[in-house]
Amino acid sequence: MREKEYRYASAAHNGLLFLRGVPGVAFGDRVSIRDQRGQKRNGQVILSSDELVMVQILEGTDDLSLDDTWVRFLEAPFEMPLSPDILGRVFNGIGEPRDDRPPIVSRLRRNVNGQPINPIARAYPREFIQTGISAIDGLNSLVRGQKLPIFSGSGLPHNKLAAQIVRQSKLLGEESRFVVVFAAMGVSYADAQFFREDFESNGVLGNVVMFTNLADDPPIERLILPRTAMTAAEYLAFDLDLHVLVVLTDMTYYAEALREVATAKGDVPTRKGYPGYLYSDLAEIYERAGRVRERHGSITMVPVVSMPSDDITHPIPDLTGYITEGQIVLSRELNNQDLYPPVNIPPSLSRLMKDGIGKDDTREDHPRVANQLYAAYAKALEVRNLASIIGPDELPDLDRKYLQFADGFEQRFLAQGMDEDRSIIQTLNIAWELLSLLPGDVLSRVSEADLARYHHWNSNP
Amino acid sequence: MTEPGTVIEINGPLVRARLPGIASGEQVRLGKQKLTGEVIGLDDDRALIQVYESTEMLRPGETVIPLGYPLSVELGPGLLGGIFDGIQRPLTNLREQAGDYIPRGLDVPALERDRPWAFIPNPDLKAGQEIRGGMVLGTVQETASTEHRILTPPGVHGELLELAAAGEYDLKQVIARVHTPLNGIQDLKLFHRWPVRIPRPYQKRDDGVAPLLTGQRILDTFFPLLKGGKGAIPGPFGAGKTMLQQQIARWTNADIVIYVGCGERGNELVDILDSFPELTDPYSGRSLMERTLLVANTSNMPVVAREASIYLGVTLAEYYRDQGHDVVMLADSTSRWAEALREVAGRLGQMPVEEGYPAYLASRLASFYERAGRVETLSGESGSVSLIGAVSPPGGDFSEPVTNHTKDIIQTFWALSKPLADARHYPSVSWTESFSDAVEAAARWWSENVDESWQEKRSLALNLLSRAEELARIINLVGAEALSPIQRWTVEMASLLREGLLQQNALDEVDSYCSPQKQFALLDLMIGLYQQGQALVKADVPVSALLALPLLSRARRSKNLYGNDQLDELHALGEEFRSQLEKLRQEYEEQNS
């Protein structure tokens with residue numbers, strides 16, 4: 001740490017503080033600021049030259065006086081202290097306690113920005129996680145080390161779904177539970193409290209690390225928060241060999257904070273005013289999930305992304321979808337029918353599903369059944385569309401069966417209780433009951449052997 | 001070499017330094033951490049440097065050391081089967097030295113210096129002979145399936161003084177000495193360097209003549225790409241770009257595959273690394289990894305190195321082309337590369353034109369794709385580089401700048417469709433939006449090697465699909481009942497074509513790769529069924545009687561039921577269909593008479 005405190009701020013606006021004539025300041029250095037009331041603020045150097053140093057202040061530059069602002073350069077980047085004691089604790093975005101308990105004391109401190117994982121050090125995720133939710137397990141299976149976001153919208157039950165995933169997730173044939181890293185950015189107190197109570201009522205609070213920056217906290221701190229949280233997750237997974245489930249909510253508020261700062265810095269805006277580096281910035285966070293060869297632990301990530309105006313092509317969900325390994329999309333239409341979980345099946349996807357399901361992992365027919373359900377539901381939605389124009393009575397026989405299938409699929413396969421924990425076998429059996437509404441010869445995605453074994457028309461001629 | 005200089009300003013990956021006399025494009029090392037960078041602009045005695053690694057904790061006043069050469073790649077044996085980052089650091093060695101994460105400032109040579117190779121000199125070369133760039137000095141067996149020709153570096157021209165005898169040499173040893181009028185005596189080794197941003201020279205360009213086969217029906221049969229061609233795969237997320245690129249990498253009939261993961265997911269590269277060694281190349285019968293080379297600059301790795309990774313990949317491709325190989329380079333995704341350009345341009349304060357992209361986006365894209373082609377190499381052989389770039393348009397909107405400019409440059413456009421992907425119809429290549437201007441050239445190859453009627457049947461099939469598309473609009477308004485029997489048959493047959501031919505399951509053992517012969521047999525089977533059925537409908541056989549035939553369901557499944565080696569069975573199936581339909585026709589004739 002430099003002994004010297006500087007008082008040369010030449011300008012302050014939009015969360016940025018400018019200093020002139022401070023030579024040799026490191027780019028990315030952490031900065032400690034004392035304002036005229038003696039309050040401490042945190043900052044980071046985002047441009048450095050001998051003439052000018054630009055500091056981004058996490059708590060913002062509101063009511064800073066230029067004459068009475070003291071700046072100290074700490075000669076170190078942002079770091080998170082790490083020890084097993086972080087479990088059960090609540091921190092702010094830069095890793096300071098928020099639960100009125102003492103700070104973590106540890107010699108182990110890591111740069112919150114982490115380092116890029118060497119691609120060849122990664123182990124390919126392939127262990128099926130049973131969430132007990134048919135829409136996920138059956139059609140968009142989650143595997144250990146995957147990053148699978150929930151694309152949602154205002155008023156949709158993404159928090160309930162995320163909490164249910166956290167509660168029910170387990171590996172088949174293994175007892176080990178997940179520890180949870182929960183990162184809240186810009187969400188309301190009520191939402192954060194919902195998760196806290198849910199963890200508490202399940203008695204898992206001691207296995208949760210929470211990082212919170214709520215809606216009324218300074219927004220720039222949100223830029224550091226997910227990085228601090230992922231540093232904790234990496235420590236738990238790869239130092240302590242634990243299986244970690246990370247919930248990041250809500251990435252949209254994170255990206256909005258990024259836009260706010262980018263605009264203040266004068267970065268060239270691209271789509272909807274977001275800076276051109278939004279993709280790389282999001283990837284730096286999301287890509288920290290995964291598995292590493294020869295390490296026991298893993299980081300599975302479920303980020304929540306609310307789609308502004310339910311628009312999946314909005315830059316935030318769009319860029320997220322290009323980085324994550326699939327997405328679970330929620331549907332307002334299904335939610336309005338009071339259907340839970342309102343998963344919009346056609347645009348939902350799990351990219352890592354193919355290696356985590358099938359004969360040795362779930363059941364031999366699973367990949368083909370999932371494929372067939374997708375195809376049949378897509379066809380059924382077309383038919384439903386047509387029925388709304390010409391009326392269901394005008395439809396040919398087969399099409400009426402598709403209508404039945406669509407209703408059954410939504411009411412019996414998708415819909416389930418918030419505490420209902422279905423096994424993958426139950427999920428697949430429901431799938432076959434529904435596929436049996438259709439004649440075998442239109443089910444070209446399943447094999448003839450599948451039909452002989454599971455299709456009711458074959459077993460009960 | 002220029003004198004060391006000092007850092008003046010750090011702004012993310014861009015650094016200004018005082019470096020009088022340095023050349024634009026030269027490589028430098030910055031500060032105590034020895035970060036690697038490249039000079040991209042000069043202003044009086046100040047150089048603008050883009051840094052390939054994070055500049056965190058770099059400070060003004062630190063030293064900048066010029067390296068004296070531009071960003072270049074090491075070309076020699078030991079590349080195949082390897083995985084490199086965007087500036088050709090070998091990731092396997094990096095992990096051995098530095099662990100699971102990539103630290104900064106590590107300098108590891110791309111090629112192993114100590115590994116011995118069995119060198120066989122070119123018997124046609126004698127000391128005293130004149131040699132020039134591109135001539136083959138000798139060969140080493142790089143992998144069981146690939147012979148690596150050791151080339152005289154382009155630009156070297158003079159009298160061969162000495163050529164090593166057959167034997168084992170490593171990369172440090174001299175294998176030839178050349179007396180050049182310009183530079184005196186030059187020592188040549190098993191490898192040489194080449195600057196990535198300069199295309200490697202060749203004698204002349206040739207037209208493409210043979211299709212680049214991929215084993216994917218929608219690509220080979222409907223929208224072919226030639227060896228030496230340029231193709232693009234645009235698609236929104238989740239449409240299956242990566243899966244399709246991996247399928248091409250797996251099954252293409254190229255000699256060498258270079259896969260550049262540019263700003264994409266780390267796990268996808270691991271998938272290739274895990275699965276390729278286990279898979280066999282259908283042409284050589286050897287492990288696929290023996291002909292594959294990976295360049296990995298994943299999305300979380302520094303953005304400037306991502307910009308370089310594309311050039312690294314294409315230079316490697318040109319090097320194998322110069323040895324007389326057919327090379328295909330797959331870039332996933334060129335949009336991330338364009339975004340890296342945009343990011344640097346933005347920090348330079350360059351005027352944005354479209355969606356923040358700089359004005360030179362189109363010309364950079366064009367000059368990159370122009371490095372594809374079938375050529376006569378400097379040594380007089382034929383070699384080719386085919387470039388296939390994935391494009392990730394924001395929001396799936398094909399009118400955005402990268403897709404749009406790419407579309408103007410390439411010959412084959414494989415447009416992926418979100419609705420098809422949502423219905424799990426893979427590959428989700430749209431038959432209405434895709435195009436290929438290589439059909440004529442490909443038709444000559446198909447006609448000589450598979451069947452003369454290929455082009456005719458291909459266009460019949462496309463015709464059928466597009467008519468069905470129109471009819472679907474009618475159905476959506478008034479229902480299927482309003483169609484005439486002939487129209488009804490068209491719709492049903494188009495659906496058969498979609499499911500039985502266009503759709504192909506990459507995960508199915510039988511269906512993942514489809515030989516050109518099987519592709520044609522399936523096409524022939526379905527077109528035959530369509531035409532014969534049409535004749536029956538015209539002869540007043542009710543469509544419902546045709547649709548009730550169990551043979552339709554078998555036709556739908558025949559792609560999975562018959563392997564590439566069961567063409568006879570497929571032909572027999574066609575015969576059986578013909579006789580069944582004939583029987584049906586006779587039945588109805590008897591009834592009516």
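**Figure 1. Where chain B meets chain A.** The contact draws 61 residues from chain B and 60 residues from chain A, two residues being in contact if their C-beta atoms, placed from the backbone, lie within 7 Å. On the side of chain B that touches chain A, the elements giving two or more residues are β1 (5-11), α1 (91-98), α4 (266-275), α6 (334-347), α11 and α15 (551-561) of chain B. The largest share of that side, 7 residues, comes from α4(B). Helices (H or I, at least four residues) and strands (E, at least two) are DSSP runs, numbered from the N terminus. This is a predicted model: local features need pLDDT of at least 70, and side-chain atom pairs count only at pLDDT 80 or more, while totals for chains, interfaces and linings use all residues. Residues are numbered from 1 along each chain as its sequence is written, and chains are lettered from A and ligands numbered from 1 in the order in which they are written.

**Figure 2. Chain A on its own.** Chain A has 13 helices and 21 strands. Its radius of gyration is 25 Å, close to the 23 Å that the globule rule gives for 461 residues, so chain A is as compact as a globular protein of that length. (The radius is taken over C-alpha atoms, and the rule is 2.2 Å times the number of residues to the power 0.38.) Along its principal axes, the C-alpha trace of chain A spans about 90 × 50 × 40 Å. Buried residues make up 53% of chain A; buried means that 20 or more other C-beta atoms, placed from the backbone, lie within 10 Å of the residue's own.

**Figure 3. Helix α11 of chain A, seen up close.** This helix (residues 424-435) has 12 residues and reaches 16 Å from its first C-alpha to its last, close to the 16 Å expected at 1.5 Å a residue. That expected span is 1.5 Å times one less than the number of residues. Which residues of α11(A) are buried? They are Ile424(A), Thr427(A), Leu428(A), Ala431(A), Trp432(A), Leu434(A) and Leu435(A). Down the axis of α11(A), they fall within an arc of 160 degrees, so they line one face of the helix; the arc is that of the directions from the helix axis to the C-beta atoms. Their packing partners in chain A are β11 (128-130), α1 (134-137), α9 (366-390), α10 (397-414) and α12 (448-454).

**Figure 4. Helix α11 of chain B.** Trp454(B), Arg458(B), Ala461(B), Leu464(B) and Leu465(B) are buried here. Covering them are elements of chain B including α2 (217-222), α10 (439-449), α12 (485-502) and α13 (516-538). After the helix comes Gly479(B), with a positive phi near 90 degrees.

**Figure 5. Inside the largest nonpolar core.** Such a core is a set of buried Ala, Val, Leu, Ile, Met, Phe, Trp, Tyr and Cys residues joined through C-beta atoms within 7 Å. Of the 312 residues in this one, Ala183(A), Val244(A), Val246(A), Ile258(B), Met329(B) and Met526(B) touch the most other members. Helix α5 (residues 303-322) of chain B gives the core its largest share, 12 residues. Zoom in on Met329(B): leaving out residues up to four places away in sequence, Met329(B) touches Ile258(B), Val260(B), Gly313(B), Val314(B), Ala317(B), Val385(B) and Leu387(B).

Note on methods
A residue is buried if 20 or more other C-beta atoms lie within 10 Å of its own, exposed if 12 or fewer, and partly exposed in between; C-beta atoms are placed from the backbone.
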